[in-house]
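Please consider the sequence and model shown here. The briefing below is arranged by topic.

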Amino acid sequence: MKKILQLTVFLAIVAGLAGGALSFVNGMTDPIIQEQKIASVKENLVKIYSGGEEFKALEVSLSDYPALVSVYEADKGGSAVGYIYETSAQGYGGAVKALIALDKDGTYKGLQIIDCSTETPGKGDVIAGDAFINSVVGKNIGDSIDVISGSTISSNAVIVGIEQATQHYNENYK
């Protein structure tokens, strides 16, 4: 009985030390990881909306918009010039993630497919190509966006994100 008690106490001490060490390492590395995530997101925001000088994440309720993940405001000279929406909608093979930039005048300034790796190569992943992106960029809110033949479900996933971003923009920023 004494041996079992000694082993139990020893195991508890080792587990406590291991947990403390993990907590310490997590506390030291978490700020660095968060900075890298912000830098990665900012890099994509600058690519998609080159007219913005500063970008900030907005704290908004997106519960009515299942395809919207987050909203960023693009500022220039201290005032908002546009909004970038991060979307995630169900494609053929999984979630299709995209960034959609809207200008204050209601023009789609940019579209970037962040992840379509679950889509069928050569079919669904054509949504990340210039042909589809260029068919969206430059259009105004209300203009129709065509799906890609042979990639209907994948392109519809992006269009669902665009439609929800447009709806949110019209209801909150127009």
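Predicted model: local features only at pLDDT ≥ 70, side-chain atom pairs only at ≥ 80, totals over all residues.

Residues are numbered from 1 along each chain as its sequence is written, and side-chain values use heavy atoms, with hydrogens and water left out.

- Helices (H or I, at least four residues) and strands (E, at least two) are DSSP runs numbered from the N terminus.
- In strand E4 (residues 95–103), 7 of the 9 residues are buried; buried means under 20% relative accessible area, exposed over 50%, and partly exposed in between (1.4 Å probe, protein chains only).
- Strand E3 (residues 79–90) runs antiparallel to E4 and is joined to it by 9 bridges; two strands pair if DSSP finds at least two bridges between them.
- A hairpin of 4 residues connects E3 to E4, and alanine 89 stands opposite valine 96 in E4.
- E4 also pairs with strand E5 (residues 108–115) in the antiparallel sense, over 6 bridges, with alanine 98 opposite isoleucine 113 in E5.
- The hairpin of E4 and E5 has 4 residues between the strands, and glycine 106 in this hairpin takes a positive phi near 90 degrees.

**Nonpolar cores**

- The largest nonpolar core has 28 residues, and Tyr85, Leu111, Ile113 and Val158 have the most contacts inside it; such a core is a set of buried Ala, Val, Leu, Ile, Met, Phe, Trp, Tyr and Cys residues joined through side-chain atoms within 4.5 Å.
- At least two residues of this core come from each of strand E2 (68–76), E3, E4, E5, helix H2 (130–136) and helix H3 (152–172).
- H3 supplies the largest share of this core, 6 residues.
- Another core, of 10 residues, lies apart from it and includes Ile48, Tyr72, Ala74 and Ala101.
- Leaving aside neighbours within four places in sequence, isoleucine 113 is in contact (heavy atoms within 4.5 Å) with Val96, Lys97, Ala98, Ile127, Ala128 and Val158.

**Helix H1 and threonine 29**

- Threonine 29 is found in helix H1 (residues 2–48) and is partly exposed, with a relative accessible area of 31%.
- The C-alpha atoms of threonine 29 and threonine 152 are separated by 42 Å, and these residues are 123 residues apart along the chain.
- Isoleucine 13 also lies in helix H1.
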